[in-house]
Amino acid sequence: MSPKELRADGFKTLEQFIKQFEDKESALIKVLYEAQHIFGYLSKEVMLFIADKLEVPASKIYGVVTFYSYFTTEPKGRCQIKVCMGTACFVRGADQLSRQLENQLKLKMGETSDDLKYSLDSLRCVGACGLAPVVLVNDKVYGKVEVDDISKIIQDSEV
């Protein structure tokens, strides 16, 4: 399937998802979550589509998307690596983990590789202070991470 066909298929899938809700406006977060899952990020085109299908102003969609840090308006890598920079993680060396990841991936925090393989970000707190420092790779949590673990984490995450 071509990228254009995949995108069209994504919009059909999203429309079917939206149709299941009677109260469209209260389904906004669920719809945004599903759209990001389908497309990988929430482009202007996707947000306008959602606004039309939910019959809510595009400004409301944009406001919600930009308010919640979970949502992104930029393409992200298939492998999203995030370092917790909350207090417990930071005092246990999260900044050193960040530098090691930046060096090995040749990315800065907040960047995505040109091939969309990796995204590197930091988070404020993931609520796993007992496991500090914490690195998340997509949905997998790595706890008590040391600088020497970074190569293995990247290797395990290769997509």
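The model is predicted: local features need pLDDT of at least 70, side-chain atom pairs count only at pLDDT 80 or more, and totals for chains, interfaces and linings use all residues. Residues are numbered from 1 along each chain as its sequence is written, and side-chain values use heavy atoms, with hydrogens and water left out.

**Confidence**

- The chain has a mean pLDDT of 92, and 96% of its residues reach 70 or more. pLDDT is the predictor's confidence in each residue, from 0 to 100.
- Among the elements of the chain, H1 has the lowest mean pLDDT (85) and H6 the highest (97). Elements are DSSP runs numbered from the N terminus: helices (H or I, at least four residues) and strands (E, at least two).

**Nonpolar cores**

- The largest nonpolar core has 25 residues. Such a core is a set of buried Ala, Val, Leu, Ile, Met, Phe, Trp, Tyr and Cys residues joined through side-chain atoms within 4.5 Å. Buried means under 20% relative accessible area, exposed over 50%, and partly exposed in between (1.4 Å probe, protein chains only).
- Residues with the most contacts inside this core include Ile81, Leu101, Tyr118 and Val135.
- Elements giving it two or more residues include strand S1 (79-84), helix H6 (94-105) and strand S2 (118-123).
- Apart from it lies another core, of 23 residues, among them Ala35, Met47, Phe49 and Val56.
- Val135 touches residues including Ile81, Val83, Leu97 and Val145, not counting residues up to four places away in sequence. Contact means heavy atoms within 4.5 Å.

**Aromatic pairs**

- The structure holds five aromatic pairs. Rings of Phe, Tyr and Trp (its six-membered ring) pair if their centres lie within 6.5 Å; planes under 30 degrees apart count as stacked, over 60 as edge-to-face and the rest as tilted.
- Phe11 and Phe39 form a tilted pair, because their ring centres are 4.9 Å apart and their planes stand at 50°. This pair links distant parts of the chain: Phe11 is in helix H1 (residues 3-19) and Phe39 in helix H2 (residues 28-39), 28 residues apart.
- Phe11 is buried at 13% relative accessibility, and Phe39 is buried at 14%.
- Tyr68 and Phe71 pair edge-to-face, at 6.4 Å centre to centre and 85° between the planes. Tyr68 is partly exposed at 41%, while Phe71 is buried at 9%.
- Ring pairs link Phe11, Phe39 and Phe49 into a cluster.

**Helix contact**

- The axes of H2 and helix H4 (residues 58-67) come within 11 Å and cross at roughly 70°. Axes are lines fitted to C-alpha atoms, for helices over the stretch in contact, with angles from 0 to 180 degrees between N-to-C directions.
- The contact involves Leu28, Ile29 and Leu32 of H2 and Lys60, Ile61, Val64 and Val65 of H4.
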